[in-house]
Amino acid sequence: MDKLREEGLLVGLLRLRVFRPLPADELVNALQHLKVVGVLDRAACPGSRGGPLFTDLKAAFYDAFSQGKVKPQTKIVSFLYGLGGREFRPDPV
């Protein structure tokens, strides 16, 4: 994050400490003002379009949108890392 901020990019990090039960409303409230959200998942779900956190976050945003709580302005992008126990290094990113 620090390196990207030094380059002038507006970036941030939200680290999720608890996955279940997913704090869906809190996540949507914290992220709804952003243009793009990248979700880093460390697990793959065969047959799905992304990792488990990505799919749950997309569902939370869809629920909030369908209830009229948020506007459809946030793009959510899935990234998988560390599969097979590999370490994550920021160099390839």
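Gly38 stands opposite Val77 in strand β2. This pair lies in a predicted model, in which strand β1 (residues 36-41) and strand β2 (residues 75-80) run parallel and are joined by six bridges. Together with helix α3 (residues 52-66), the two strands make a right-handed β-α-β unit.

**Helix α3**

- The end C-alpha atoms of α3 are 21 Å apart, which agrees with the 21 Å that its 15 residues should span at 1.5 Å a residue.
- The buried residues of α3 include Leu53, Phe54, Leu57, Ala60, Phe61 and Ala64.
- These residues lie on the same side of α3, because they cover an arc of only 125 degrees around the axis.
- In an α-helix there are 3.6 residues a turn, so residues three or four places apart point the same way.
- The cover over the buried residues of α3 includes α2 (24-31), β1 and β2.

**Nonpolar core**

- The largest nonpolar core has 14 residues, and those with the most contacts inside it are Val28, Leu31, Val37, Val39, Leu57, Phe61 and Ile76.
- Two or more residues of this core come from each of α2, β1 and α3.
- Helix α3 provides the largest share of the core, with six residues.

**Contacts of Ile76**

- When neighbours within four places in sequence are left aside, Ile76 is in contact with Val37, Val39, Phe54, Leu57, Lys58 and Phe61.

Definitions and conventions
Residues are numbered from 1 along each chain as its sequence is written. This is a predicted model: local features need pLDDT of at least 70, side-chain atom pairs count only at pLDDT 80 or more; totals for chains, interfaces and linings use all residues. Side-chain values use heavy atoms; hydrogens and water are left out. Two strands pair if DSSP finds at least two bridges between them. Helices (H or I, at least four residues) and strands (E, at least two) are DSSP runs, numbered from the N terminus. A crossover is right-handed if, with the strands pointing away from the viewer, the path from the first strand over the helix to the second runs clockwise. The expected span of a helix is 1.5 Å times one less than its number of residues. Buried means under 20% relative accessible area, exposed over 50%, partly exposed in between (1.4 Å probe, protein chains only). The arc is that of the directions from the helix axis to the C-beta atoms. Contact means heavy atoms within 4.5 Å. A nonpolar core is a set of buried Ala, Val, Leu, Ile, Met, Phe, Trp, Tyr and Cys residues joined through side-chain atoms within 4.5 Å.
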